[in-house]
Amino acid sequence: MNPLCSRCNRVVYPTEKVNCLDKYWHKGCFSCEVCKMTLNMKNYKGFEKRPYCNAHYPKTSFTSVADTPENLRLKQQSKMQSQVLYKEEFEKNKGKGFSVVADTPELQRIKKTQDQISNIKYHEEFEKSRMGGEGTPQYPQTPQQNTTPAYQPKAASQNYHYEPKPVHQAAAAPPHSSGKRYRAVYDYTAADEDEVSFLDGDVIMDVQQIDEGWMYGRVERTGQQGMLPANYVEVI
């Protein structure tokens, strides 16, 4: 059975049939919807299953949306959601990432300085605890030694021979130190909080070598302790 023409609704015979846009047309009925110009398979353009010429082909255009209160609310809501998602991602990733820092000579120097400062702090705490532990047993000894001659003034002369010996021993005990002793050959003024100042000729006690250029010790004259340059002192 022969189909009907989409334009004139008449029977289309095979000799004049045009099959296009999912429809059947007579050759004369296959024309532009606007200007009615006869078209063929080479110059037609289809839109919504209707033929058009090149001049009258419908052109799509964007529609502008007015900034209504509802649209503004939706825009603000979407913006807030994007900010919330960004903050969530930031909180999740916070603390996980790290940046690779090149091991430059400057960073090596800073790291070495920090290690030296930590060692100095450790030695300071150690010296304080050591001196505090030594001071406690010495104080109760001195009054005992001083009380013996007060209570025995009329004793035999032998007591006077025995008493000076422990007194000299107790007085000679504090100067001993575990570290090396150095003598300052120049004056030096501390340039930082962890350094110590001294004068030419001062004796530096409990000296510990930190590196080739710096030492740590205690000035016998002032009792202060800290870092000092190694080229400002000499071994006694």
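The pLDDT is the predictor's confidence in each residue, on a scale from 0 to 100. In the predicted model described here, the protein averages a pLDDT of 78, and 74% of the residues score at least 70. Over residues 135-177 the pLDDT stays under 50, and the model has 14 contacts beyond four places in sequence for this stretch, a contact being heavy atoms within 4.5 Å. Where pLDDT is low, the predicted coordinates should not be read in detail. Residues are numbered from 1 along each chain as its sequence is written, and side-chain values use heavy atoms, with hydrogens and water left out. Because the model is predicted, local features need pLDDT of at least 70 and side-chain atom pairs count only at pLDDT 80 or more, whereas totals for chains, interfaces and linings use all residues.

The protein contains five helices and nine strands, taken as DSSP runs numbered from the N terminus (helices: H or I, at least four residues; strands: E, at least two). From the N terminus on, the order of the elements is β-β-β-β-α-α-α-α-α-β-β-β-β-β. Of the 236 residues, 20% are buried; buried means under 20% relative accessible area, exposed over 50%, and partly exposed in between, with a 1.4 Å probe and protein chains only. Among contacts between residues at least 6 apart in sequence, 34% join residues at least 24 apart.

Strand β4 (residues 50-52) includes P51, which counts as buried at 0% relative accessibility. Beyond four places in sequence, P51 is in contact with R7, L21, W25, F30, S31, C32, E33, L39 and K45. The C-alpha atoms of P51 and F30 are separated by 7.3 Å, although these residues are 21 residues apart along the chain. As for K45, its charged end sits over the ring of Y57, 5.6 Å from the ring centre; this arrangement requires NZ of Lys or CZ of Arg within 6 Å of the ring centre and within 35 degrees of the ring normal.

Seven aromatic pairs occur in the structure. Rings of Phe, Tyr and Trp (its six-membered ring) pair if their centres lie within 6.5 Å, and planes under 30 degrees apart count as stacked, over 60 as edge-to-face and the rest as tilted. One of the pairs joins F30 and Y44 edge-to-face, at 5.6 Å centre to centre and 65° between the planes. Both F30 and Y44 lie in the loop between β2 (23-26) and β3 (45-47), so the pair ties together parts that are 14 residues apart in sequence. F30 is buried, with a relative accessible area of 1%, whereas Y44 is partly exposed at 25%. The rings of Y188 and Y232 also form an edge-to-face pair, because their centres are 5.3 Å apart and their planes stand at 70°. Y188 lies in the loop between β5 (180-184) and β6 (203-209) and Y232 in the loop between β8 (225-229) and β9 (233-235), so this pair ties together parts that are 44 residues apart in sequence. Y188 is buried at 13% relative accessible area, while Y232 is partly exposed at 26%. Ring pairs link Y186, Y188, F198 and Y232 into a cluster.

Helix α2 (residues 105-138) holds E127, a buried residue with a relative accessible area of 4%. Leaving out residues up to four places away in sequence, E127 touches D206, Q208 and Q225.
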